[in-house]
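Here is a quick note to go with the structure you asked about. It covers the cavities and what lines them.

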Amino acid sequence: MVIYRNYVARRIFTILLLSFLLVLVGIYSLSHGGYSLSFKDIIGAFLGKGDRKAQLVIWSVRFPRVVAGILVGASLAVSGAVMQGVLKNPLASPFTTGTSHGAMFGASLAIALGAGYSESTGSVTLNNPYTIALFAFLGAMSSSLVIFLMGKLKEITPEAMVLMGVAMGSLFTAATALIQYFADDLELATMVYWSFGDLGRTTWRENIILLVVFLTVFAYFLWKAWDINAMVVGDEIAKSTGIEVEKVRLILVVLSTLLTAISVAFVGIIGFIGLLAPHMMRILFGEDYRFLIPLSALCGSVLLLSADTVARVLLSPTVLPVGIVTSFLGAPLFIYLLLQSKER
């Protein structure tokens, strides 16, 4: 009993620690950039007092960006954690299964049909975020279903599943390039800027959609955490406890895909967060999904918000797309995991 209490206490303490770290990174992100702000300026802006320019920077530029970083980081990390569990593949993530590329294709198609446009400054405006989200979801689902069905019908290895994801990613990248080839200059610029992966384009409207979808799916995943734990041990054991394995697995894949699609639809492709965060938490705290899901969410938020802050201050006042930073950080880890998997 004492051992179990220590087990739970350690994970709850880490959740609190990561929450505190997220607040610190958020404050740093709010205060640093092309226009520096003190902690007093930030508090004054939130209270509606002090310098008007500081209020404008906080409420119109930096705070929406920080909120988007927290929500997208958590969404991609939770999506990756659940995919790895239900597909029984430690290398599964929205990026490696081609889900993100499917969403990119769907969103590009929506933009080509008039759902978004770019300005000469490079900023992308979404006329109809719901249409882009719907197209992104349909594109992402087509990739997820292929991976899901092949995993169900054929007992393929984790490495083979990743290769299949690479193939699906290449297919959707080619389809996206085809759309771009026939697009006019404005549509092409919009799709290229959008595909970089940038948190700066989100507004409060997109953040509210991200928040509603994340909270709904996150609550469902927590509710099904015991089911995922049982499926990780083995389908036969899960069925013996009364779990409708195939039905639950399909719902979890659909909802994981939804989290990825909504994120990609609003900020573009951001690679490796869905792989990096769950693996770090799994190595440290094991595979109990009651805790792995919230730990991965917080770790993903901290990682993405930190990467975005680096992207903003590294070459300030030039702001790099955060997708470039996460790719530089995530690619070496992915190679390491692939080699470790091969050795096992």
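How many cavities of 30 Å³ or more does a search of the whole structure find?

1. The search turns up two. A cavity here is a set of points, on a 1 Å grid over the protein atoms alone, where a 1.4 Å probe fits but cannot get out. Grid points are joined across faces, edges and corners, and a volume is the space filled by probe spheres set on the points.

2. Before going on, some ground rules: this is a predicted model, where local features need pLDDT of at least 70, side-chain atom pairs count only at pLDDT 80 or more, and totals for chains, interfaces and linings use all residues. Residues are numbered from 1 along each chain as its sequence is written, and side-chain values use heavy atoms, with hydrogens and water left out.

3. The largest cavity comes to about 50 Å³. Its lining (residues with an atom within 4 Å of a point) is made up of M83, L87, T97, T99, S144, I147, F148, V253 and T257.

4. Two helices, α5 (129-153) and α11 (245-267), each put at least two residues into that lining, and α5 gives the most, with three. Helices are DSSP runs (H or I, at least four residues), numbered from the N terminus.

5. The second largest cavity has a volume of about 40 Å³. Around it sit L76, S93, P94, F95, S100, I270, G271, F272, I273, G274 and L275. Helix α12 (residues 273-285) supplies the largest share, three residues.

6. As for class, the largest cavity's lining has five nonpolar, four polar and no charged residues. Ala, Val, Leu, Ile, Met, Phe, Trp, Tyr, Cys and Pro count as nonpolar, Asp, Glu, Lys and Arg as charged, and the others, Gly among them, as polar.

How values were computed: On a 1 Å grid over the protein atoms alone, a cavity is a set of points where a 1.4 Å probe fits but cannot get out, and a pocket is an open set with protein on both sides within 12 Å along at least five of seven lines; lining residues have an atom within 4 Å of a point.
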